[in-house]
Amino acid sequence: MATPIKQPANIAPAGGHGWPRRGASQQQSFEGNKFVGSQSLTINRPINLYPLTNYTFGTKEPLFEKDPSVPARFQRMRDEFEKIGMRRSVEGVLLVHEHGLPHVLLLQLGTTFFKLPGGELNTGEDEVDGLKRLLTETLGRQDGVKQDWVIEDTIGNWWRPNFEPPQYPYIPPHITKPKEHKRLFLVQLAEKALFAVPKNYKLVAAPLFELYDNSQGYGPIISSLPQSLCRYIFVCYDFNYIL
């Protein structure tokens, strides 16, 4: 049972309505038609969204998983755990908007499996550098033009306690050696970009409202994204208003 925490008598909610007041150093403004805010903000920080029609999607050779089956994946994880310890993986959350509604770009395999772009890190690899590498391998263009991935905040941490499918946004108290740590990063897309999608995948844009409380359709990690992203202000460029 949760233990109630009593608020000290000398602390009152800012502004009388439970939300912190915005100080002079945290004022938001527009330059031209673009929203500008302090990068030090951690409350309601703006994220710029561009329309889905701004992006071009090509194709490239199929990108296959390392393991032919789910049991094979967990057997490899078990083997690697004995040699190098906990697996580290990263995934990117790429956002666009469609008619002013935020959408997440997802890779679809078959008819029912969806995943965020990303994957396993190499031993000793930096998380941000590794995510940039994985995004390039998964969605990077094929014409020799280097893709500039702007990695923003960490928006989620998930742990796999055992060599089994379940993952949790915390380490269960009886687990001392998690088998995998997955970190989710918000990726700020450029205003326009070209993506090359592996032929065995489809890239789909899923609206946040469809993901919410829909673990049956998208799994626990993707369906939790609306909660993870709710602290941001989404700014739609071609609509020029804050969602």
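Biologist: Which element gives the largest share of the lining of the second largest pocket?

Modeller: Look at which elements the lining residues belong to. Here that is H1, with four residues. H1 and E5 are the elements that give two or more residues to this lining. Keep in mind that the model is predicted.

Biologist: What is the volume of that pocket, and how many residues line it?

Modeller: About 240 Å³, with 14 lining residues. Glu80, Ile84, Leu121, Asn122 and Thr123 lie nearest the centre. By class, the lining splits into five nonpolar, four polar and five charged residues.

Biologist: And what about the largest pocket: what is its volume, and which residues lie nearest its centre?

Modeller: That one comes to about 1,200 Å³. Its lining has 45 residues, and Glu65, Arg73, Phe113, Lys115 and Lys182 lie nearest the centre. Several elements give two or more residues, including H1, E5 and E10. H4 gives the most, namely eight. The class count reads 19 nonpolar, twelve polar and 14 charged.

Biologist: How far apart are Arg183 and Arg88 in sequence and in space?

Modeller: They're 95 residues apart in sequence, yet their C-alpha atoms are 8.1 Å apart.

Technical notes:
Residues are numbered from 1 along each chain as its sequence is written. This is a predicted model: local features need pLDDT of at least 70, side-chain atom pairs count only at pLDDT 80 or more; totals for chains, interfaces and linings use all residues. Side-chain values use heavy atoms; hydrogens and water are left out. On a 1 Å grid over the protein atoms alone, a cavity is a set of points where a 1.4 Å probe fits but cannot get out, and a pocket is an open set with protein on both sides within 12 Å along at least five of seven lines; lining residues have an atom within 4 Å of a point. Grid points are joined across faces, edges and corners, and a volume is the space filled by probe spheres set on the points. Ala, Val, Leu, Ile, Met, Phe, Trp, Tyr, Cys and Pro count as nonpolar, Asp, Glu, Lys and Arg as charged, and the others, Gly among them, as polar.
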